[in-house]
Amino acid sequence: VQLQASGGGLVQAGGSLRLSCAASGRKVRIYTMGWYRQAPEKQRETVATITSGGTNYVDSAVMGRFIVSRDNAKDTVYLQMNSLKPEDTGVYYCYANIRTTWGRAERDYWGQGTQVTVSS
C-alpha cells in the first residue's frame with residue numbers, strides 16, 4: 001500500500017491550498033484517514049482526521065479554516081486549507097489506517113509528506 005500526497009506549495013497569508021492523498025495497492029478496507037503536520041523543530045501534530053463513515057475531527061488550531069473530506073470510491077482524503085497563516089507552515093503528512101487482507105489486522109500507513117509554506 002502507498003499513500004501519495006499532493007497539493008502543497010507556497011502561498012501568502014490569507015490564501016488557500018488543497019491537499020490530496022490517494023491510497024493505492026492491495027486493500028480490503030480503509031478506516032480512518034487524515035492529516036498531520038510537522039513544523040520546524042516541533043513535534044508532529046494532528047491536523048484533522050475522518051472516519052470511513054464521515055465522522056471528522058479537526059484540531060482547534062485550524063477549526064473554521066481547514067476542512068477534511070474523503071472520497072471512498074477513490075480511496076482519497078482531502079484537506080482544504082483556507083485563511084492560511086504563517087504558523088500553518090510545515091510538512092503535511094497524510095495517514096490512513098488500512099486492512100490489506102481479511103486475515104491481517106489493520107495498520108497505519110503514511111504518505112511522503114508535502115511542504116506547505118505560508119508567507120506573511
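These legends describe close-up views of one predicted model. Local features need pLDDT of at least 70, side-chain atom pairs count only at pLDDT 80 or more, and totals for chains, interfaces and linings use all residues. Residues are numbered from 1 along each chain as its sequence is written, and side-chain values use heavy atoms, leaving out hydrogens and water.

**View 1. A disulfide joins Cys21 to Cys94.** The structure holds one disulfide (a pair of cysteine sulfur atoms within 2.5 Å). The S to S distance is 2.1 Å. The torsion about the S-S bond of Cys21 and Cys94 is about 50°, so the disulfide is right-handed. Cys21 lies in strand E3 and Cys94 in strand E9, 73 residues apart. Strands (E, at least two residues) are DSSP runs, numbered from the N terminus.

**View 2. Tyr36, Tyr95 and Trp110 form one aromatic cluster.** Rings of Phe, Tyr and Trp (its six-membered ring) pair if their centres lie within 6.5 Å; planes under 30 degrees apart count as stacked, over 60 as edge-to-face and the rest as tilted. Tyr36 and Trp110 have ring centres 5.0 Å apart and planes at 65°, so the pair is edge-to-face. Tyr36 is buried, at 18% relative accessible area. Tyr95 and Trp110 make a tilted pair, 5.3 Å centre to centre with 50° between the planes.

**View 3. The charged end of Arg107 sits over the ring of Tyr109.** It lies 3.9 Å from the ring centre. The rule: NZ of Lys or CZ of Arg is within 6 Å of the ring centre and within 35 degrees of the ring normal. Likewise, the charged end of Arg18 sits over the ring of Tyr78, 4.1 Å from its centre.

Note on methods: Helix = DSSP H or I, 4+ residues; strand = E, 2+ residues; numbered from the N terminus. Buried < 20%, exposed > 50% of the residue type's maximum accessible area, 1.4 Å probe, protein only.
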